[in-house]
Structure formats: structure tokens, C-alpha cells
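Reader: Please show me the sequence and the structure, and then let me ask about them.

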Amino acid sequence: MTVNLLTTPSCTSCRKAKQWLIDHEVDFVERNIFAKPLSEVELKQILMLSEGGTDDVISTRSFLYDQYKSKMSSMTISQVISLLATHQELIRRPILVDAKRIEFGFNEDEIRCFMPRSTRKCELEKMVKKAL
């Protein structure tokens, strides 16, 4: 199963996630969302997969977030999606998504869910042996 890795060029977490996928031989397709922005339809799909909704998707570290945060609370979901489609820098990155899972940001423990089960099992066995 191929992972879609949504990134931006200057994002350190995006580079870490990409390197982790390479190091663990996970098949992925990278997409720079500044060069090829996410559509409103794609943003809706991402929001539907997320557990935390807009809290997962919106980057509170973004420079633009400070400008829009007071307005966002009164926006409809359609207006928020439109805003995100217009200002991709408001989207938290990286986003890793496949047919079953989605992860926002880079967390080395949580990204393991994208490894094949057999690989995760082998790594766990190695960790247990080292601990003994």
C-alpha cells in the first residue's frame, strides 16, 4: 500500500517524515502542496479521515493563523475549507495518508502505523531482544 506524503519544501517535519519512510522502505508518493495545492474536495476527504477535524488540519504555528483565528470560530466548515484551499500554508504538515489511516505532523511512534504489519512485528521482536 502506498502512502501519500503531503509536504512543503521548507518544512523540517516533512523532511523527517520523508527520510523515515525511505529508511523504513515504505512506498510513498510525495506531493508539494505549494506547487500542487489541495482542492476543496481533497480537503473535505482529509477532514473526514481526521479524528480531530479542523483542529488536526489547521497549523496553529502558521503566520497566517494569527490573522484568521478570531474569524475561524464564526466560519462555517465550507468557509474554513475554502480558506485552507486558498491559503495552503494554514494546513498542518506533513500529512501522511493511505486508504485506512491519516497522520498529521511527524511523530516517530505514530508514523509506524504505515509500516507493513510484518515489518512492525520484526522490529518489535528486535527491540524485545535488545531489552533482554
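Author: Strands β1 and β3 pair in the antiparallel sense, over 3 bridges; two strands pair if DSSP finds at least two bridges between them. Helices (H or I, at least four residues) and strands (E, at least two) are DSSP runs, numbered from the N terminus. This is a predicted model, where local features need pLDDT of at least 70, side-chain atom pairs count only at pLDDT 80 or more, and totals for chains, interfaces and linings use all residues. Residues are numbered from 1 along each chain as its sequence is written, and side-chain values use heavy atoms, with hydrogens and water left out.

Reader: Which residue of β3 stands opposite L5, and which residue is its bridge partner in β2?

Author: Strand β1 (residues 3-7) is joined to β2 (residues 28-32) by 5 bridges, and these two strands run parallel. On the β3 side, the residue opposite L5 is L96. In β2, the bridge partner of L5 is E30.

Reader: What is the handedness of the crossover from β1 to β2?

Author: Between β1 and β2 the chain passes through helix α1 (residues 12-23), giving a β-α-β crossover. Such a crossover is right-handed if, with the strands pointing away from the viewer, the path from the first strand over the helix to the second runs clockwise. The crossover here is right-handed.

Reader: Why is β1 described as largely enclosed?

Author: Buried means under 20% relative accessible area, exposed over 50%, and partly exposed in between (1.4 Å probe, protein chains only). Strand β1 is largely enclosed by the rest of the structure because the number of its 5 residues that are buried is 4.

Reader: Is D98 buried or exposed, and with which side chain does its side chain make a polar contact?

Author: D98 lies in the loop between β3 and β4 and, at 8% relative accessibility, counts as buried. A polar contact is a pair of N or O atoms within 3.5 Å; within protein, one must be able to donate a hydrogen and the other to accept it, and residues adjacent in sequence count only if both atoms are side-chain atoms. A polar atom of the D98 side chain lies 2.8 Å from the backbone nitrogen of K100. The side-chain contact, at 2.7 Å, is with R101.

Reader: Which side chain is joined to that of T8 by a polar contact?

Author: T8 lies in the loop between β1 and α1 and is buried, with a relative accessible area of 3%. Not counting residues up to four places away in sequence, T8 touches C14, N32, I33, F34 and R93. The polar contact, at 2.8 Å, joins the side chain of T8 to that of R93.

Definitions and conventions:
Contact means heavy atoms within 4.5 Å.
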